[in-house]
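Let's take a walk through this fold, starting with the whole chain and then stopping at a few spots worth a look. Keep the viewer open as you read.

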Amino acid sequence: MAANFIPRQVFPSYASIPRSYYLGHHRAGLKKMQNMLSSIDYVVECRDYRVPVTSINPMFEEALGKTRRLIVYTKRDLGAKPGSSAQRSAEKTVRGFDKNSATFFVSSSSRPDVSSILKHLREDAEGPDRLVGCRVMVVGMPNVGKSTLINNLRNQGVGKAKAVQTGGQPGITRKIGTPVKVIERENGSHVYVLDTPGVFMPYVPDADNMLKLALCGCVKDSVISPVTLTDYLLYHINLHDPDVYQRWSAPTNEIMPLLESFAQHTGLLAKGGIPNIDLAAQHFIQKWRAGNLGRFLLDDLQAEERSRLEGNKEEVGRSISSILRAERTAKKRDSSKL
């Protein structure tokens, strides 16, 4: 890294960043989940390991009540080098955020080890004396890996091929699926899991959090400009290791020259050899999502830990009513500017 390079310490706040991705099927899905709670024995909540705090949807806290749950952080291998001290430290901190729920971490590999989750479901969700089948609902923000987790549980649990469709963009699952058997027992008390639509929150007060969620693919890539999103990614990469893009550029805080060089080197050109900036930005983001431009968390766990200890973290435990109230306030403010 260039000795005189100083990375940005803050990212400029963009007023144009949308603050919501709460679609019709999100609202309908959450309502259906609430209506089904009486027949659900256990909830598995998936969160993205790269944004372990930001990918918490507080609406689940209120909507799903006191149903027993476990937390699964997905894409573990994309947030830190596997087996590193950084990974161990992050996971110790993250476990402390949910002391009342069992917490598990799974990688994004094609067949991650989910045996510990199956063991927990077999012993806790099911119960040794249970004589009827157990129904487990899998919930989470859009595109955090719910369907992939279910397929892996099914494959390792009962040796069957995948049962639910997966994809790289949010919105693949639009309604609650049929029960999928993941644990089989001789007495018939099998464990079934149900896939659910990813549910976004009605309003995200912090533009920084919206950018994090978009970068991890929790909203469709068309919602935020790919150049803006890549600029935000560059900001985070520079705080960790700007050398990861040295084949295309020296360390820089300027996104346009980097994208132009990236486009030239990777052949992402329009007519006349002009760099296709939007396409280059999309490819750059995909490289990071695949773990090829550094593996790090976007959330600051130390800051989150301090905030929780001080008891002044606004986002922790936000109720549905407070979120909707913030949404209404923002709409009034925006309309007054017209």
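What follows goes from the overall numbers to a strand pair, one arginine and some aromatic rings.

First, some ground rules: this is a predicted model, where local features need pLDDT of at least 70 and side-chain atom pairs count only at pLDDT 80 or more, while totals for chains, interfaces and linings use all residues. Residues are numbered from 1 along each chain as its sequence is written, and side-chain values use heavy atoms, with hydrogens and water left out.

The protein chain has 11 helices and six strands (DSSP runs numbered from the N terminus: H or I of at least four residues for helices, E of at least two for strands). Of its 338 residues, 51% count as buried; buried means under 20% relative accessible area, exposed over 50%, and partly exposed in between, using a 1.4 Å probe and protein chains only. Look at contacts (heavy atoms within 4.5 Å) with a separation of 6 or more, and 74% of them come from residues 24 or more positions apart.

Now find strand β2 (residues 69-74) and strand β3 (residues 102-105), which run parallel and are joined by four bridges; strands pair if DSSP finds at least two bridges between them. Valine 72, for instance, has phenylalanine 104 in β3 as its bridge partner. Getting from β2 to β3, the chain passes through α3 in a right-handed β-α-β crossover, meaning that with the strands pointing away from the viewer, the path from the first strand over the helix to the second runs clockwise.

Arginine 95 belongs to that helix, α3 (residues 85-95). With a relative accessible area of 41%, arginine 95 is partly exposed. Leaving out residues up to four places away in sequence, arginine 95 touches Thr103 and Phe105.

On to the rings. Rings of Phe, Tyr and Trp (its six-membered ring) pair if their centres lie within 6.5 Å; planes under 30 degrees apart are stacked, over 60 edge-to-face, and the rest tilted. That gives 10 aromatic pairs. One of them is phenylalanine 11 with tyrosine 232, edge-to-face at 5.0 Å centre to centre and 80 degrees between the planes. Phenylalanine 11 sits in the segment before α1 (24-36) and tyrosine 232 in helix α7 (residues 226-240), so the pair ties together parts 221 residues apart in sequence. Tyrosine 232 also pairs with tyrosine 235, tilted this time, at 5.9 Å and 40 degrees. Phe11, Tyr232 and Tyr235 make up one aromatic cluster.
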